[in-house]
Amino acid sequence: MPPQTQTKLLRRSTTKRRRRTRHRALKQSKKKIMRNDEGNEQRGAVTVELDLQALPEGCIANVISLTTPPDACRLSSVSRSFRSAAESDAVWSKFLPPEIPTILSHTAADAPSCRSKSKEFYLALCDHPVLIDDGKLSFSLDKWSGKKCYMVAARDLAIVWADTPNYWKWISVNDSRFGEVAELVGVCWLEIRGRIDTRLLSPLTMYKAYLVFKLTAAAYGFDYQPAEVSVGLVGSEPTKHDVFLDADRGQTQSYQIVPRRIGIFHRSRILGLQVSRPREIDDDQYPKERADGWLEIELGEFFCKGGEDGALEMTCLETKGGQWKGGLIVQGIEVRPKRK
(Lines give C-alpha, C1' and ligand atoms only; values in the text may rest on other atoms or scores of the structure.)
Protein backbone atom coordinates (compact mmCIF):
# COMPACT_ATOMS: atom_id res chain seq x y z
CA MET A 1 0.00 0.00 0.00
CA PRO A 2 1.45 3.36 -0.98
CA PRO A 3 2.67 5.55 1.90
CA GLN A 4 0.25 8.37 0.97
CA THR A 5 -2.72 6.02 1.29
CA GLN A 6 -1.51 4.80 4.69
CA THR A 7 -1.21 8.39 5.90
CA LYS A 8 -4.81 9.21 4.86
CA LEU A 9 -6.19 6.10 6.58
CA LEU A 10 -4.26 6.92 9.77
CA ARG A 11 -5.64 10.47 9.78
CA ARG A 12 -9.22 9.19 9.31
CA SER A 13 -8.81 6.68 12.15
CA THR A 14 -7.40 9.35 14.44
CA THR A 15 -10.29 11.74 13.62
CA LYS A 16 -12.88 9.06 14.38
CA ARG A 17 -11.27 8.27 17.76
CA ARG A 18 -11.26 11.96 18.67
CA ARG A 19 -14.94 12.27 17.75
CA ARG A 20 -15.85 9.22 19.83
CA THR A 21 -13.85 10.56 22.76
CA ARG A 22 -15.57 13.97 22.59
CA HIS A 23 -18.99 12.29 22.33
CA ARG A 24 -18.34 10.14 25.42
CA ALA A 25 -17.11 13.17 27.37
CA LEU A 26 -20.19 15.16 26.37
CA LYS A 27 -22.50 12.36 27.49
CA GLN A 28 -20.75 12.09 30.83
CA SER A 29 -20.98 15.83 31.43
CA LYS A 30 -24.71 15.76 30.62
CA LYS A 31 -25.25 12.95 33.10
CA LYS A 32 -23.57 14.99 35.82
CA ILE A 33 -25.81 18.00 35.17
CA MET A 34 -29.12 16.18 34.71
CA ARG A 35 -31.04 15.11 37.80
CA ASN A 36 -33.78 12.56 38.12
CA ASP A 37 -35.25 13.28 41.58
CA GLU A 38 -38.75 11.97 40.85
CA GLY A 39 -38.01 9.60 37.99
CA ASN A 40 -38.52 12.33 35.38
CA GLU A 41 -35.53 13.74 33.52
CA GLN A 42 -34.89 17.39 34.31
CA ARG A 43 -32.45 19.06 31.98
CA GLY A 44 -30.13 21.73 33.28
CA ALA A 45 -30.90 21.16 36.99
CA VAL A 46 -27.91 22.25 39.04
CA THR A 47 -27.89 21.76 42.79
CA VAL A 48 -26.53 24.70 44.77
CA GLU A 49 -26.38 24.44 48.54
CA LEU A 50 -27.03 27.70 50.36
CA ASP A 51 -27.51 28.12 54.10
CA LEU A 52 -30.29 30.73 54.26
CA GLN A 53 -29.99 30.99 58.03
CA ALA A 54 -26.43 32.23 57.58
CA LEU A 55 -27.69 35.31 55.71
CA PRO A 56 -27.81 38.64 57.57
CA GLU A 57 -31.15 39.35 59.27
CA GLY A 58 -31.66 42.46 57.17
CA CYS A 59 -31.33 40.43 53.98
CA ILE A 60 -33.85 37.85 55.24
CA ALA A 61 -36.25 40.61 56.27
CA ASN A 62 -35.98 42.24 52.85
CA VAL A 63 -36.92 38.95 51.15
CA ILE A 64 -39.85 38.28 53.52
CA SER A 65 -41.20 41.81 52.97
CA LEU A 66 -41.74 40.89 49.32
CA THR A 67 -44.20 38.15 50.31
CA THR A 68 -47.58 38.47 52.09
CA PRO A 69 -48.57 38.72 55.78
CA PRO A 70 -49.63 35.04 55.95
CA ASP A 71 -46.31 34.03 54.38
CA ALA A 72 -44.40 36.10 56.92
CA CYS A 73 -46.23 34.33 59.76
CA ARG A 74 -45.40 30.92 58.28
CA LEU A 75 -41.74 31.79 57.75
CA SER A 76 -41.39 32.89 61.36
CA SER A 77 -41.62 29.22 62.37
CA VAL A 78 -38.56 28.19 60.32
CA SER A 79 -35.90 29.24 62.82
CA ARG A 80 -34.98 31.88 65.38
CA SER A 81 -33.26 34.04 62.79
CA PHE A 82 -36.28 33.84 60.50
CA ARG A 83 -38.64 34.63 63.41
CA SER A 84 -36.66 37.70 64.32
CA ALA A 85 -36.65 38.91 60.71
CA ALA A 86 -40.31 38.03 60.03
CA GLU A 87 -41.52 40.00 63.07
CA SER A 88 -39.35 43.05 62.46
CA ASP A 89 -40.67 46.51 61.63
CA ALA A 90 -38.75 46.33 58.36
CA VAL A 91 -41.15 43.60 57.19
CA TRP A 92 -44.49 44.74 58.58
CA SER A 93 -44.04 48.38 57.65
CA LYS A 94 -43.97 47.23 54.01
CA PHE A 95 -47.38 45.56 54.46
CA LEU A 96 -48.96 48.84 55.59
CA PRO A 97 -50.47 51.14 52.93
CA PRO A 98 -48.34 54.30 52.56
CA GLU A 99 -51.42 56.49 53.15
CA ILE A 100 -51.88 55.25 56.71
CA PRO A 101 -50.61 58.41 58.47
CA THR A 102 -52.93 60.60 56.41
CA ILE A 103 -55.93 58.32 57.02
CA LEU A 104 -55.36 58.12 60.76
CA SER A 105 -54.97 61.88 61.06
CA HIS A 106 -58.78 62.02 60.80
CA THR A 107 -59.47 59.45 63.53
CA ALA A 108 -60.32 59.71 67.20
CA ALA A 109 -57.66 59.96 69.91
CA ASP A 110 -58.04 56.28 70.90
CA ALA A 111 -57.06 54.99 67.42
CA PRO A 112 -53.99 52.72 67.13
CA SER A 113 -50.75 54.67 67.10
CA CYS A 114 -48.24 54.56 64.25
CA ARG A 115 -45.51 54.66 66.91
CA SER A 116 -46.27 51.12 68.08
CA LYS A 117 -44.48 48.13 66.55
CA SER A 118 -45.49 47.61 62.93
CA LYS A 119 -46.83 44.08 63.38
CA GLU A 120 -48.93 45.04 66.41
CA PHE A 121 -50.13 48.14 64.59
CA TYR A 122 -51.02 46.08 61.49
CA LEU A 123 -53.01 43.50 63.46
CA ALA A 124 -54.77 46.22 65.46
CA LEU A 125 -56.02 47.82 62.23
CA CYS A 126 -57.20 44.41 61.01
CA ASP A 127 -59.12 43.47 64.15
CA HIS A 128 -60.34 46.87 65.33
CA PRO A 129 -61.74 49.19 62.63
CA VAL A 130 -61.34 52.90 63.35
CA LEU A 131 -63.82 55.66 62.59
CA ILE A 132 -62.75 58.45 60.21
CA ASP A 133 -64.41 61.45 58.55
CA ASP A 134 -66.43 62.40 61.62
CA GLY A 135 -67.75 58.87 62.04
CA LYS A 136 -69.12 58.57 58.49
CA LEU A 137 -66.63 55.85 57.52
CA SER A 138 -64.84 53.05 59.29
CA PHE A 139 -61.37 52.02 58.14
CA SER A 140 -59.54 48.72 58.56
CA LEU A 141 -57.05 46.46 56.82
CA ASP A 142 -57.62 43.09 55.23
CA LYS A 143 -55.56 40.68 57.33
CA TRP A 144 -54.59 38.48 54.38
CA SER A 145 -53.40 41.17 51.98
CA GLY A 146 -52.97 44.45 53.85
CA LYS A 147 -55.41 46.13 51.43
CA LYS A 148 -57.71 48.91 52.63
CA CYS A 149 -61.29 48.19 53.75
CA TYR A 150 -64.07 50.70 54.40
CA MET A 151 -67.63 50.69 55.70
CA VAL A 152 -69.97 53.57 54.86
CA ALA A 153 -72.16 54.32 57.88
CA ALA A 154 -75.94 54.18 57.54
CA ARG A 155 -76.05 57.92 58.30
CA ASP A 156 -73.98 58.56 55.17
CA LEU A 157 -76.16 56.37 52.94
CA ALA A 158 -78.95 57.74 50.78
CA ILE A 159 -82.00 55.93 52.21
CA VAL A 160 -85.39 57.00 50.87
CA TRP A 161 -87.64 58.31 53.70
CA ALA A 162 -84.86 57.75 56.27
CA ASP A 163 -85.79 60.99 58.05
CA THR A 164 -89.50 60.13 58.22
CA PRO A 165 -90.19 58.51 61.63
CA ASN A 166 -93.23 56.67 60.29
CA TYR A 167 -90.96 54.71 57.95
CA TRP A 168 -87.47 54.68 59.51
CA LYS A 169 -86.02 55.40 62.94
CA TRP A 170 -82.47 55.92 64.15
CA ILE A 171 -81.31 53.83 67.08
CA SER A 172 -78.09 52.89 68.89
CA VAL A 173 -76.94 49.29 69.31
CA ASN A 174 -73.97 48.03 71.29
CA ASP A 175 -72.40 45.85 68.59
CA SER A 176 -72.31 48.50 65.84
CA ARG A 177 -69.17 50.35 64.77
CA PHE A 178 -71.18 53.55 64.49
CA GLY A 179 -73.14 55.60 66.98
CA GLU A 180 -76.40 55.19 65.04
CA VAL A 181 -77.99 52.59 62.78
CA ALA A 182 -81.17 52.80 60.73
CA GLU A 183 -84.13 50.58 61.65
CA LEU A 184 -86.91 50.12 59.10
CA VAL A 185 -90.36 50.63 60.61
CA GLY A 186 -92.24 49.87 57.42
CA VAL A 187 -92.10 50.84 53.73
CA CYS A 188 -93.29 49.47 50.43
CA TRP A 189 -90.42 51.20 48.57
CA LEU A 190 -86.98 50.14 49.82
CA GLU A 191 -84.13 52.15 48.32
CA ILE A 192 -80.62 52.25 49.81
CA ARG A 193 -77.68 53.84 47.97
CA GLY A 194 -74.09 54.36 49.04
CA ARG A 195 -71.03 55.93 47.43
CA ILE A 196 -67.30 55.90 48.06
CA ASP A 197 -64.46 57.70 46.31
CA THR A 198 -62.37 55.18 44.34
CA ARG A 199 -59.20 57.07 45.27
CA LEU A 200 -59.62 55.74 48.81
CA LEU A 201 -59.31 52.12 47.63
CA SER A 202 -56.14 50.09 47.12
CA PRO A 203 -55.02 50.05 43.46
CA LEU A 204 -55.00 46.93 41.30
CA THR A 205 -57.45 45.24 43.64
CA MET A 206 -60.76 43.43 43.10
CA TYR A 207 -63.26 44.69 45.66
CA LYS A 208 -66.61 43.35 46.79
CA ALA A 209 -69.38 45.42 48.38
CA TYR A 210 -71.73 44.13 51.08
CA LEU A 211 -74.84 45.46 52.79
CA VAL A 212 -74.32 44.87 56.54
CA PHE A 213 -77.60 44.48 58.42
CA LYS A 214 -79.73 42.61 60.94
CA LEU A 215 -83.37 41.55 61.07
CA THR A 216 -85.52 41.98 64.14
CA ALA A 217 -87.61 39.13 65.49
CA ALA A 218 -90.69 40.82 64.00
CA ALA A 219 -89.17 41.40 60.54
CA TYR A 220 -91.54 40.80 57.62
CA GLY A 221 -91.80 41.21 53.87
CA PHE A 222 -88.35 39.92 52.89
CA ASP A 223 -89.02 36.22 52.44
CA TYR A 224 -90.27 35.96 48.85
CA GLN A 225 -89.73 39.29 47.14
CA PRO A 226 -86.12 39.69 45.87
CA ALA A 227 -84.16 42.92 46.07
CA GLU A 228 -82.13 44.20 43.14
CA VAL A 229 -78.52 45.05 44.03
CA SER A 230 -75.80 46.66 41.94
CA VAL A 231 -72.26 48.01 42.01
CA GLY A 232 -70.65 50.32 39.46
CA LEU A 233 -69.00 53.65 38.79
CA VAL A 234 -71.32 56.64 38.71
CA GLY A 235 -72.09 57.41 35.08
CA SER A 236 -71.55 53.85 33.85
CA GLU A 237 -73.86 50.85 33.61
CA PRO A 238 -73.57 48.81 36.84
CA THR A 239 -73.78 45.05 37.18
CA LYS A 240 -77.09 43.96 38.71
CA HIS A 241 -78.50 40.80 40.25
CA ASP A 242 -81.25 39.72 42.63
CA VAL A 243 -80.80 38.73 46.27
CA PHE A 244 -83.03 37.92 49.23
CA LEU A 245 -82.61 39.64 52.58
CA ASP A 246 -84.41 36.81 54.33
CA ALA A 247 -82.01 35.12 56.74
CA ASP A 248 -84.33 32.07 57.00
CA ARG A 249 -83.92 31.44 53.25
CA GLY A 250 -87.64 31.19 52.59
CA GLN A 251 -88.06 28.24 54.95
CA THR A 252 -90.55 29.95 57.21
CA GLN A 253 -94.25 29.77 56.45
CA SER A 254 -95.90 32.79 54.93
CA TYR A 255 -99.43 34.16 55.02
CA GLN A 256 -101.82 35.00 52.27
CA ILE A 257 -101.89 38.76 52.09
CA VAL A 258 -104.86 41.05 51.60
CA PRO A 259 -103.82 44.65 50.78
CA ARG A 260 -105.57 47.45 52.61
CA ARG A 261 -105.28 51.08 51.57
CA ILE A 262 -103.60 53.36 54.09
CA GLY A 263 -102.96 56.86 52.82
CA ILE A 264 -101.66 56.71 49.26
CA PHE A 265 -100.06 53.30 49.66
CA HIS A 266 -101.21 49.72 50.11
CA ARG A 267 -99.89 48.25 53.34
CA SER A 268 -100.06 44.46 53.48
CA ARG A 269 -101.92 43.09 56.47
CA ILE A 270 -101.53 39.49 57.60
CA LEU A 271 -104.82 37.73 57.09
CA GLY A 272 -105.92 34.19 56.24
CA LEU A 273 -104.17 30.83 56.55
CA GLN A 274 -100.52 29.96 56.42
CA VAL A 275 -99.41 28.56 53.06
CA SER A 276 -96.19 26.93 51.96
CA ARG A 277 -94.32 28.57 49.09
CA PRO A 278 -91.19 26.52 48.34
CA ARG A 279 -88.31 28.12 46.49
CA GLU A 280 -85.11 26.73 45.06
CA ILE A 281 -82.16 27.73 47.26
CA ASP A 282 -79.11 29.52 45.82
CA ASP A 283 -76.60 30.22 48.60
CA ASP A 284 -75.15 33.25 46.83
CA GLN A 285 -78.53 34.98 46.92
CA TYR A 286 -78.90 34.83 50.70
CA PRO A 287 -77.26 36.61 53.63
CA LYS A 288 -74.32 35.11 55.49
CA GLU A 289 -73.48 35.64 59.14
CA ARG A 290 -70.36 37.63 59.90
CA ALA A 291 -67.87 37.10 62.71
CA ASP A 292 -69.27 40.18 64.47
CA GLY A 293 -72.79 38.69 64.57
CA TRP A 294 -74.28 40.86 61.81
CA LEU A 295 -75.51 39.62 58.45
CA GLU A 296 -74.15 40.61 55.05
CA ILE A 297 -75.35 40.22 51.49
CA GLU A 298 -73.07 40.73 48.51
CA LEU A 299 -74.04 43.66 46.29
CA GLY A 300 -71.42 43.12 43.57
CA GLU A 301 -67.74 43.56 42.79
CA PHE A 302 -65.48 46.20 41.28
CA PHE A 303 -61.87 46.18 40.08
CA CYS A 304 -59.99 49.28 41.22
CA LYS A 305 -57.24 50.09 38.73
CA GLY A 306 -55.93 52.97 40.77
CA GLY A 307 -55.10 56.53 39.81
CA GLU A 308 -58.60 57.28 38.56
CA ASP A 309 -61.13 59.77 39.85
CA GLY A 310 -64.68 58.60 40.32
CA ALA A 311 -67.34 57.49 42.76
CA LEU A 312 -68.34 53.88 43.23
CA GLU A 313 -72.10 53.54 43.77
CA MET A 314 -73.65 50.55 45.55
CA THR A 315 -77.42 50.03 45.70
CA CYS A 316 -80.05 47.78 47.23
CA LEU A 317 -83.57 48.29 45.85
CA GLU A 318 -86.92 46.58 46.32
CA THR A 319 -89.38 48.83 44.54
CA LYS A 320 -91.25 46.52 42.17
CA GLY A 321 -93.27 44.23 44.39
CA GLY A 322 -95.15 46.90 46.30
CA GLN A 323 -95.17 44.66 49.36
CA TRP A 324 -94.68 46.30 52.73
CA LYS A 325 -91.65 45.26 54.72
CA GLY A 326 -90.13 46.12 58.09
CA GLY A 327 -87.69 45.05 60.79
CA LEU A 328 -84.49 45.69 58.81
CA ILE A 329 -81.58 47.25 60.77
CA VAL A 330 -78.88 48.75 58.53
CA GLN A 331 -75.37 49.35 59.88
CA GLY A 332 -73.78 50.32 56.56
CA ILE A 333 -72.21 49.14 53.31
CA GLU A 334 -68.75 47.57 53.50
CA VAL A 335 -66.18 47.53 50.69
CA ARG A 336 -63.33 45.07 51.09
CA PRO A 337 -60.89 43.10 48.88
CA LYS A 338 -62.09 39.89 47.33
CA ARG A 339 -60.53 36.81 48.89
CA LYS A 340 -58.99 34.35 46.48
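Begin with strand E9 (residues 227-233) and strand E15 (residues 311-318), which pair in the antiparallel sense over 6 bridges. Strands here are DSSP runs of E, at least two residues long, and helices are runs of H or I of at least four, numbered from the N terminus; two strands pair if DSSP finds at least two bridges between them. Before going on, note that this is a predicted model, where local features need pLDDT of at least 70, side-chain atom pairs count only at pLDDT 80 or more, and totals for chains, interfaces and linings use all residues. Residues are numbered from 1 along each chain as its sequence is written, and side-chain values use heavy atoms, leaving out hydrogens and water.

Within this pairing, Glu228 has Leu317 of E15 as its bridge partner. E9 also runs antiparallel to E10, joined to it by 5 bridges, and there Val229 is partnered by His241. E9 and E10 form a hairpin with 5 residues between them; Gly235, in the turn, has a positive phi of about 95 degrees. These strands belong to an open antiparallel sheet of 5 strands, in the order E4-E7-E15-E9-E10. Its edge strands are E4 (158-159) and E10 (239-243), each pairing on one side only.

Now turn to helix H5 (residues 89-95), where Trp92 and Phe95 are 3 residues apart and so separated by about one helical turn. Both residues are buried (under 20% relative accessible area; exposed is over 50%, partly exposed in between, with a 1.4 Å probe and protein chains only), with Trp92 at 1% and Phe95 at 8%.
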